[in-house]
Amino acid sequence: MAKWLNHFAAAQRPLSSTEGIPWYTVLVLAIDTSTPAVTAGLATLAGADVSVLAERVTINPRAHGELITPHVLDAAREAGVTLRQVDAIVCGVGPGPFTGLRAGMATAAALAHGLGVNAYPVCSLDAIAATAQAGEPFLAVTDARRREVYWAAYDADGNRTDGPHVQAPEPLGLSVAAGDGALLYAEKLAVRTIDPRYPTVAGLVAAARPAFDAEPAPLTPLYLRRPDATEPGARKRVMA
């Protein structure tokens, strides 16, 4: 993948005038189900430049598994490409709740296997930070339920400096924050809120871009805490 990116970035002309995507770009499928937003879309990556071709987002915390595949297919149709043209997949790996994360990550893994391409994990908070326009150090905060938040801290350029963590909302030493958790708990966090509210296709691809220079890490979910549902243990024997 690194050789592809270096080669494509150095090129200056499209493969043919009849094709909509220049041959020196990488076509990336982005997926995220770490928040109530079910997000999928396609973008091109040329060097550090990300151009979103199509994006599908539905806010429904109970429909990740139902909606993610239709969103992928709808985005491909809108972009005018087939999934066979995809060069890489980027998937948000949280932090987020177990059920939501599993839907997106399973879809990304299955598509990567079927298409024979790499799947790159990206912290979903990093994806939020990648498109935030804070102009100063800031937080990315998402709702962790149970009256808690997932959060990470970033410098003014969007580089992560702390986190991710999960805890009850309280002042965290920074006065600006992006993400739905920031909107929900702005007063308790003592922050001014900025966009985006959820990870976007542009943010996912931009956050994953540095990883494209090496082999991808495994798609490992960032749960940060144990799932609500656990397998029952062995029955205890009752002594007579």
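Author: Let us begin with a word that we shall need throughout: a contact means that heavy atoms lie within 4.5 Å. This is a predicted model, in which local features need pLDDT of at least 70 and side-chain atom pairs count only at pLDDT 80 or more, while totals for chains, interfaces and linings use all residues. Residues are numbered from 1 along each chain as its sequence is written, and side-chain values use heavy atoms, with hydrogens and water left out.

Reader: What is the average pLDDT of the chain, and which residues stay under 50?

Author: The term pLDDT stands for the predictor's confidence in each residue, on a scale from 0 to 100. Where it is low, the predicted coordinates should not be read in detail. Here the chain averages 87, and 84% of the residues score at least 70.

Reader: In what order do the strands of the open sheet lie?

Author: Strands of a sheet pair through backbone hydrogen bonds, either parallel or antiparallel. Strands (E, at least two residues) and helices (H or I, at least four) are DSSP runs numbered from the N terminus, and two strands pair if DSSP finds at least two bridges between them. In this model 5 strands form an open sheet in the order S8-S7-S6-S9-S10, with mixed pairing. Strand S8 (160-167) and strand S10 (192-194) stand at the edges with a single partner strand each, so one side of each has no neighbour in the sheet. Within the sheet, strand S6 (residues 138-145) and strand S7 (residues 148-154) pair in the antiparallel sense over 7 bridges, and Thr142 has Tyr150 in S7 as its bridge partner.

Reader: Is Val141 buried or exposed?

Author: Buried means under 20% relative accessible area, exposed means over 50%, and partly exposed is in between (1.4 Å probe, protein chains only). Val141, which lies in strand S6, counts as buried because its relative accessibility is 0%. Leaving aside neighbours within four places in sequence, Val141 is in contact with several residues, including Leu125, Tyr150, Trp151, Ala178 and Leu189. The C-alpha atoms of Val141 and Trp151 are separated by 4.4 Å, although these residues are 10 apart along the chain.

Reader: Which residues touch the most other members of the largest nonpolar core?

Author: In soluble globular proteins, nonpolar side chains tend to be buried together. A nonpolar core is a set of buried Ala, Val, Leu, Ile, Met, Phe, Trp, Tyr and Cys residues joined through side-chain atoms within 4.5 Å. The largest one here has 26 residues, of which Leu29, Ile31, Leu42, Val72, Val86, Ile89 and Leu111 touch the most other members. A second, separate core of 15 residues includes Leu45, Ala88, Val201 and Phe212.

Reader: Where are the cis peptide bonds, and which residues have a positive phi although they are not glycine?

Author: Most residues other than glycine have a negative phi, and most peptide bonds are trans. The bond from Gly94 to Pro95 is cis, with omega near 15 degrees, and Pro95 lies in the loop between S4 and H3. Another cis bond joins Asp195 and Pro196, with omega about 5 degrees. A positive phi is found at Arg145, about 65 degrees, and at Arg147, about 60 degrees.
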